[in-house]
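Subject: Structure handover

Hello,

Here is the structure I promised to pass on. Please open it next to this email and follow along.

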Amino acid sequence: MSKRDYYETLGVGRDADDALKSAFRKKAMQYHPDRNPDNAEAEAQFKELNEAYQVLSDGQKRAAYDRFGHQAFENGGGGGHPGFGGDFASSMSDIFEELFGMGGRRRGAGGRERGADLRYNMDITLEEAFTGKAAQLRIPTTVSCEACSGTGAKPGSKPKTCGTCGGHGRVRASQGFFSVERTCPTCQGRGQVIEDPCGNCTGSGR
């Protein structure tokens, strides 16, 4: 059985952007299993909505769908486009990340790594999941080590520029015709190495 067009499933035009999310929320509320217990048809509609939204809300997947239709995510591809499996878009992204060094955490000036993302688990109702909810959170933070002023090095000493990457935090290696950029294994992307760490923070700077 042929699949419905994803745009038709969500009830939006092919140029829809901001309307995509609101259209999904409206229909998802209507067909959500919690509101339609023991209703196989509603459950199937809800799964179809989720599938359509997952593709159209992702720029890469949407571009692939607009070009190849459902064949972009079917095993074997078909229709003259073999090899486009369900993870077509993400696979292409992984290839570009590997070749051009776009993977990993984002870095600011000087090659330093961005801190880890914060995650907070909160219990919300089904209604709040679709309409949104404003809440105040108390987030624990870290402060710079007073002993080393945040450098991570023992007072009286300083971090040194990494000799492996020259302070860039990234190194290049040739693989066949390609030049692949990776995180420096010596400084772990920081661009500096601490030979004599601070005894108060053990070199973390916090």
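Leaving aside its neighbours within four places in sequence, which residues is Val 12 in contact with? They are Tyr 7, Ala 19, Leu 20 and Ala 23. Find them first. Keep in mind that this is a predicted model.

The core

Val 12 belongs to the largest nonpolar core, a set of 22 residues. Four members touch the most others: Leu 10, Val 12, Leu 56 and Tyr 65. Which elements give two or more residues to this core? They are helix H1 (6–10), helix H2 (18–31), helix H3 (40–56) and helix H4. H3 gives the most, with 6 residues.

Helix H4

Now go to H4, which covers residues 59–68. Its buried residues are Arg 62, Ala 64, Tyr 65 and Phe 68. Look down the helix axis. These buried residues fall within an arc of 160 degrees, so they line one face of H4. What does the face turned away from the buried side carry? The exposed residues Gly 59 and Arg 67 sit there.

At the start, a side-chain oxygen of Asp 58 comes to within 3.0 Å of the backbone nitrogen of Gln 60. Just after the helix, Gly 69 has a positive phi of about 70 degrees.

The cysteines

How many disulfides are there? The count is 0. The sulfur of Cys 165 has its closest cysteine sulfur in Cys 187, at 3.7 Å. A disulfide needs the two sulfur atoms within 2.5 Å, so this pair is too far apart for a bond. For Cys 201, the closest cysteine sulfur is in Cys 148, 3.8 Å away. That is also too far for a bond. Are Cys 165 and Cys 201 buried or exposed? Cys 165 counts as buried, at 7% relative accessibility. Cys 201 is buried as well, with a relative accessible area of 6%.

The whole chain

Last, step back. The protein chain has 6 helices and 4 strands. From the N terminus, the order is α-α-α-α-α-α-β-β-β-β. The chain has 206 residues, and 26% of them count as buried. Its accessible surface comes to about 14500 Å². Carbon and sulfur atoms hold 48% of that surface. Take the contacts between residues at least 6 apart in sequence: 52% of them join residues at least 24 apart.

Over to you.

Best wishes

Terms used:
Residues numbered from 1 in each chain as written. Predicted model: local features only at pLDDT ≥ 70, side-chain atom pairs only at ≥ 80, totals over all residues. Heavy atoms only, no water. Buried < 20%, exposed > 50% of the residue type's maximum accessible area, 1.4 Å probe, protein only. Arc of directions from axis to C-beta. Polar contact = N/O pair within 3.5 Å; in protein donor to acceptor, adjacent residues only side chain to side chain. Core = buried A, V, L, I, M, F, W, Y, C linked by side-chain atoms within 4.5 Å. Contact = heavy atoms within 4.5 Å. Areas by Shrake-Rupley, 256 points an atom, 1.4 Å probe, with all protein chains shown as cover.
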